[in-house]
Amino acid sequence: MSEDTHVLVVEDDDGIRDLLAYKLRISDYEVTTVDDGADCLDHIEDGLAPDAVILDAMLPGADGYEVLERLRGHERHADVPVIMVTGMGLEDNVLRGFEAGADDYVTKPFSPSELVVRLGRLCR
Amino acid sequence: MSVSAPLLEATRAVLAALVGIGLVTYGLAVQRARRDELRADARRRVRGELFDRLGREEPGWGAWTERLSHRERRELRELLDGLLRNLHGRERARLVDLGLTLGIGERARADLGAERIHVRLRALAWLALLEEPVEEERLFETCAGDPRTRAAAARLLYVCDHPRAGEFGTSLLVWEGSRPLSVFGLDTLYVLNRAGSTPLLYRGSTAAGDWDPALLVQVCTVLRDCPSTDAPTEAFDWLRALLAHESPTVRKAAIGAFAGRGWRPALRERIDAEALVADSDPGVREAAYGLLAAWGDGPATALLERAARGEENDRCRLVAVRALYENGVDAGDGRTWAWVRAEGATG
């Protein structure tokens with residue numbers, strides 16, 4: 001993966017967010033991090049154009065599903081690959097994510113290494 | 001106009017006090033800002049190094065943690081807590097090693113004996129995060145006295161995959177039956193019995209007589225959802241006795257616990273379904289029709305047909321007719337049948 005691939009990580013837990021950003025950077029991704037759903041939407045409106053998004057389902061401001069629906073409704077981001085990170089074993093959350101247009105999902109607790117591999121496949 | 005000396009003195013005193021308070025507030029704010037800054041620096045340093053080492057085959061936790069300051073170790077513990085809750089796989093295994101290298105497991109074991117309950121709960125949470133098993137005797141002697149520590153100890157047995165997690169964990173949870181379980185306790189009872197509820201059935205045989213009705217309802221709910229393929233029919237005797245409990249809520253919950261067990265003829269034969277559908281409480285009768293619908297055999301269908309004709313309560317009759325319709329019986333008339341057929345037609 002080259003540094004041309006820009007990943008937006010939207011996660012409110014700073015430990016998880018920083019770990020994901022670190023793992024993505026050492027895998028040669030360019031990374032932007034945001035900790036709030038509303039901030040994420042603001043960044044998108046302001047012209048941020050990620051090539052892929054890792055999106056936590058539970059976020060302050062606007063939850064991950066709302067962010068995803070807005071992304072999908074945005075002409076420029078309608079096809080951007082999105083991986084949702086949802087709560088453990090909650091089938092409804094997973095289904096809701098897919099219905100909102102997620103391309104893939106992982107449930108917490110999750111493996112960051114696996115997430116990076118999944119992202120790589122989506123960005124191919 | 002002259003100002004009196006006492007008034008002047010008082011004004012000076014008030015001004016001095018205000019200046020004093022202002023200086024102290026300012027001092028505290030500066031101190032706090034400095035502390036936050038040092039903390040943020042420590043967090044940044046620790047985080048960068050942690051993530052870097054986490055990706056290595058040999059993270060070298062021992063050599064690294066020996067060099068950490070007290071503040072850095074505290075930040076690292078806090079970070080570790082959040083990461084262990086959210087991660088699994090290779091990274092988690094390495095973080096568990098880090099936690100043990102930091103001495104968190106050892107400290108938590110010692111803290112199990114602490115007097116303050118929040119210290120014991122924190123210790124149990126760390127032991128569960130690090131998946132560090134604790135001997136049954138030690139858990140019992142330190143955790144049996146409070147429902148919160150009992151639930152946390154039972155959860156620890158589960159996450160550590162203790163060979164007697166089902167039996168011992170269940171015993172701990174329902175040790176004192178005078179009050180219902182917390183949401184966490186109930187969830188733990190469920191996960192401990194998910195693969196087989198025989199431990200809970202046996203525990204009920206000896207202790208259900210002392211259990212509070214709210215706890216009985218919770219236990220019945222767990223038994224409703226959890227299988228028990230190896231328990232003999234006699235193990236259900238106490239649960240069968242609950243079908244005649246004075247509380248309709250308990251009777252209803254007990255019926256629910258039998259609904260999924262209709263495949264055991266010996267058990268079915270011991271339950272007086274006639275008595276259940278004759279219960280004075282409509283909620284209990286509704287549950288009984290649900291049980292008969294799940295069983296679906298000849299006698300059950302006959303009772304449902306009788307209810308479809310003669311059940312006085314509209315809601316109960318609807319449940320009975322709906323059960324018949326869903327089991328392929330469509331032989332009645334009247335408004336309940338019309339309703340159910342309309343429901344079936346619209347999906």
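Buried means under 20% relative accessible area, exposed means over 50%, and partly exposed is what falls in between (1.4 Å probe, protein chains only).

**Ground rules.** I'm working on a predicted model, where local features need pLDDT of at least 70, side-chain atom pairs count only at pLDDT 80 or more, and totals for chains, interfaces and linings use all residues. Residues are numbered from 1 along each chain as its sequence is written, chains are lettered from A and ligands numbered from 1 in the order in which they are written, and side-chain values use heavy atoms, with hydrogens and water left out.

**Entry 1: B:Arg92.** I looked this one up and found B:Arg92 buried, at 12% relative accessibility. B:Arg92 makes a salt bridge with B:Glu131, with the closest N and O atoms 3.0 Å apart. (A salt bridge is a side-chain nitrogen of Lys or Arg within 4 Å of a carboxyl oxygen of Asp or Glu.) B:Arg92 sits in helix H4 of chain B and B:Glu131 in the loop between helices H6 (117–129) and H7 (136–143), so the pair ties together parts 39 residues apart in sequence. Helices here are DSSP runs of H or I with at least four residues, strands are E runs of at least two, and both are numbered from the N terminus. B:Glu131 itself is partly exposed, with a relative accessible area of 41%.

**Entry 2: one helix turn.** Next I checked B:Glu49 and B:Arg53, whose side chains meet in a salt bridge (2.7 Å, N to O). Both lie in helix H1 of chain B, 4 residues apart, about one turn of the helix. B:Glu49 is partly exposed at 26%, while B:Arg53 is buried at 8%.

**Entry 3: where the chains meet.** I found 13 residues of chain B in contact (heavy atoms within 4.5 Å) with 14 residues of chain A. The count between the two chains is 3 salt bridges. One of them joins B:Arg47 to A:Asp14, with the closest N and O atoms 3.6 Å apart. H1(B) gives the most to the side of chain B that touches chain A, with 5 residues.
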